[in-house]
Structures are given as structure tokens and as C-alpha cells.
Amino acid sequence: MGFGALFLRDLRLVWRRPGDVAVVLAFFVVATVLFPLGIGPETNLLARIAAGVLWAAALFASMLSLDRLFAADYEDGALDLLLLAPWPLELAALAKCAAHWVVTGLPLAVLAPLIGGAFGLDGASLVVLALTLLVGTPALSLIGGLAAALTLGARRSGALLALLALPLCVPTLIFGASAIETTATGEGFWVHLAILGALALVSLATLPWAIAAALRQAGE
Amino acid sequence: MADLHFLANPARFRRFSQRVLPALWLITALAFVIGLYWSLAIAPPDYQQGDTVRIMFLHVPSASLAMAGYLLLAALGASLLVWRHPLAALMARATAPVGATYAAVCLITGSLWGRPMWGTYWVWDARLTSFLLLFFFYLGHIALSRAYDDSERGDRAAAILAVVGAINVPIIKFSVDWWNTLHQPASIMRLDGPSIDPLLLWPLLWMMGTLALLFVALVLMRTETEIDRRRLEIVENQD
């Protein structure tokens, strides 16, 4: 009940300011477009690097909207209410990360194959790209949520958040990109996708508690 | 465990540390003299690698201690979060830069060793990449604990980060088993026993002990400084 309320409230807040989401997606497009412009239009080369570039750009784009994830509630006192509420803070953390995923990870999973086509990826690789982003971005939202909660109220929190979140996101990046690359060579991608799913599930099972602990010590 | 409780009082810890440190520094210095002479002059050159194998005597202990240091950070973090141990936060602040330096030494000596051995300064295999991540986790811990005006906030946030990042340490240890890596697989901590020749094993173990003593001495000295710094901060904030 409370989970749904908080989740929908966050979505409603983003709905009123769609520019916040649009900026993240626009950054993703601009960042990925820089690579062909910088490296040159040779299609073979672009197809080789597409998996890594798209996944890395997705990582950076996810990081962009994270520092506002808890900061707005921290500043206007809604976080204090959540801390005092009689229902688990872990569910609140999960609700906010889920809302972040819906407005960031999900659109990225839809948008990335379009950019991937411009990089010269073939049809099967595009499908796997979308699948890996769909499966992997929940982990990114959770890890980013942890970094956001840890850096609430810190100096230079934006850069610090990226410094904390990106090393934790590296396994997701490695398996996401390698799944797409094995598709291109014709080998099976299911192993990589399964490990990606495992990472997402482990994040789901452990990080809400870490985020709640970080929110509690931020609220003290 | 009673000893740890005895030292939980920062003032008592400081008196203990001031008594112990001079002797500890002396022992560390002696161990270094013996260890360096043993590893540089007495230990034989490797039949394949020649004299470059001597980098191992610095590279391997610094790697082990960097990983152990991060586990110490995680234990101190857990101690702070669960029991609110008063000294854990200060010791964690003291340990992180020391551990980060050991990690940097390992990365640099490994890179210098890799050039003659593998023909390259760096390769993106599982062990090197996961160890580089460990170095980044250290940097993140250092940055986070110092990012707040209220130091206690920083300590608790860094404690949570240390506990979450500790998963990386077993990944580093087993990375050479789980992936095809260029880095050499385990030669010491194996089920079959060490595969390294005793003439090289013993100076390696001695240097491991020496660098461990250095680690402890540095952490004790830095913890004393952190106690003083925290006292100063409390006095400043009272105005």
C-alpha cells in the first residue's frame, strides 16, 4: 500500500516536470553520438565498440538524475516523515529506486537499440542490447540509490556519487557489454544475461537494507 | 575480546599506542633491514625471470595487505554501525589512506614487473581489473569520509560503503581461478600447499610480516592523529 503510494507519487512528480527525464535521455544520445564523430564513421570499428560505448553511456546517463533522488525529500522534510513512518524504510528505498528505474532505465532500454542501429549493430545484437539494459538497469538504479543515500548533504555530492557508484556498477557493465559481443560472434548470450539477472537479484535482495541504513544515518 | 574493549576508550588507546609505537617502529626497521638484505642479496634469482623476481617481495605482500586492509575497513565499519564502537570510526579513517597506498604500490610494482615479464605495463584481465576496483573503493572511502562538515556523518556513510564493497576482496582472490587471466594463479594459499621454492618462499613470508608490521605501525600512528583531530573538531564546534 505504502510502496504503491510512494512509487506513484514519484512518478507523478516526474510527470509534472518531464524535462528532467528528457535531459537524461538527451545526454545519452549526445554522449553516444560523440564516439562516431570522434573516432570516424568506419562501420566495422563502430560495431565492435558499440556494446561497450552504449553500456557506458547508459551508466553515465543513469548517474545524472541520481543526486536528486533523495535530495529533494531530504531538503523539504519528506525524508524525516519517511523515517518516522511505521512501515519499513527499506520499502521506501525500493519504491524510490523503482520509480527511478521506470523513468531512466526503461526509456534507456527502449532508446539504446535506435542508437545501436546507427552504430551498425545487427538485429540480434539490438535485441540483446535491449534485453541486457532491461535486466541490468534495475541494478544500476539500486546501486545509484545507495550512492545517492550515502552522499546526501555532502560537499561535491554529484562527482562523489559517480565515484562511489561507478566501481560498484562495473560487474553489470562487463556482463552487459559481453552479452552483446558474444551475440555478434554467434555464441550464446544466455550465460551473460543470466549472470546479469543474478546481479540484479542480489542487488534487490541486499541494497534496500544498505540504502535504508544510509538514509537513517543521514536523517540523524 | 576483553583487550579490544579495554582499548575502546580513545584516551586509553592513545596511552597504549604511545607506549607501544617506539618499540614497534624499531622492530619494523630491523625487520626491513633483514628482509631487504635477504630478498635483494641472499635469495637466488629465478631460473626463468632472473633478478626481476625480486619485485615479487614487494608486490605480493603489498597486494595481500591492501586486501586485508579493506577487510579491516569493512570490520571496523560493521563495528561502528552495529556496536557504535568509539574508536572504529577513527581507526577506519586512519587505515583507508594506508591501505590505498599499499594498493597503489602493488599496482605500480606489478606494472613495472609486467613490462619485462609480459611485455606490457597493463592488461585488462580479471585480477588486475578487480584490484584496480579495490583501489577505487579505497579512494571512494577516503573521499566519502571527508565529504561532510560533520565528521560522524562521514564516518557512518563510509562504514556502509566499506561493508558493501568488501564483496570485492574474495572476487580478487578467486579471479585467477574463475577467469582465464594473464596474471599468475595462486602459488601460496593452495590446497596442495605452496608451489614456490622455499628459498624464495621464506624471504617472501618475512617481507609479508615486515610490511604487516609497517601497516600496523602506520595505522596506530595515524589513529593517534585522528583522535587529536577529532578532539580539536569538537572543541572548535563548541563555539
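Colleague: How many residues of chain B are in contact with chain A?

Modeller: In this predicted model, 16 residues of chain B are in contact with 15 residues of chain A. The test applied is a C-beta separation within 7 Å.

Colleague: Take Ala143(B), in helix 5 of chain B. Why is Ala143(B) called buried?

Modeller: Ala143(B) has 21 C-beta neighbours inside 10 Å. The cut-off for buried is 20 or more, so Ala143(B) counts as buried.

Colleague: Which residues does Ala143(B) touch, leaving out those up to four places away in sequence?

Modeller: Ala143(B) touches Leu160(A) and Leu163(A). Within its own chain, Ala143(B) is 117 residues along from Leu26(B), and their C-alpha atoms are separated by 32 Å.

Colleague: How do you know that helix 3 of chain B has a length close to the expected one?

Modeller: Helix 3 (residues 56-83) of chain B has 28 residues and reaches 39 Å from its first C-alpha to its last.

Colleague: Why is helix 3 of chain B described as largely enclosed?

Modeller: Of its 28 residues, 20 are buried, so helix 3 of chain B is largely enclosed by the rest of the structure.

Colleague: What is found just after helix 3 of chain B?

Modeller: Arg84(B), which takes a positive phi of about 55°. Arg84(B) sits in the loop between helix 3 and helix 4 (86-118) of chain B, and is a residue other than glycine.

Colleague: Why is Arg84(B) called exposed?

Modeller: Its count is 10 C-beta neighbours inside 10 Å. Exposed requires 12 or fewer, so Arg84(B) counts as exposed.

Colleague: Where is Arg156(A) placed, and why is Arg156(A) called exposed?

Modeller: Arg156(A) is in the loop between helix 7 and helix 8 (157-185) of chain A. With 11 other C-beta atoms within 10 Å, Arg156(A) is exposed, because the limit is 12 or fewer. Its phi is near 50°, a positive value in a residue other than glycine.

Colleague: What makes Val105(B) partly exposed?

Modeller: Val105(B) has 18 other C-beta atoms within 10 Å. Buried needs 20 or more and exposed needs 12 or fewer, so Val105(B) is partly exposed. Val105(B) lies in helix 4 of chain B. Leaving aside neighbours within four places in sequence, Val105(B) is in contact with Leu58(B) and Ser62(B). Val105(B) and His59(B) are 46 residues apart in sequence but 7.3 Å apart in space, C-alpha to C-alpha.

Colleague: Which residues have the most contacts inside the largest nonpolar core?

Modeller: Leu146(A) and Ala214(A), in a core of 137 residues. Helix 7 (residues 123-150) of chain A gives the most to this core, with 15 residues.

Colleague: What does Ala214(A) touch, not counting residues up to four places away in sequence?

Modeller: Ala214(A) touches Leu146(A), Ala149(A), Leu150(A), Ala157(B) and Ile160(B).

Conventions:
Residues are numbered from 1 along each chain as its sequence is written. Chains are lettered from A and ligands numbered from 1 in the order in which they are written. This is a predicted model: local features need pLDDT of at least 70, side-chain atom pairs count only at pLDDT 80 or more; totals for chains, interfaces and linings use all residues. Two residues are in contact if their C-beta atoms, placed from the backbone, lie within 7 Å. Helices (H or I, at least four residues) and strands (E, at least two) are DSSP runs, numbered from the N terminus. The expected span of a helix is 1.5 Å times one less than its number of residues. A nonpolar core is a set of buried Ala, Val, Leu, Ile, Met, Phe, Trp, Tyr and Cys residues joined through C-beta atoms within 7 Å.
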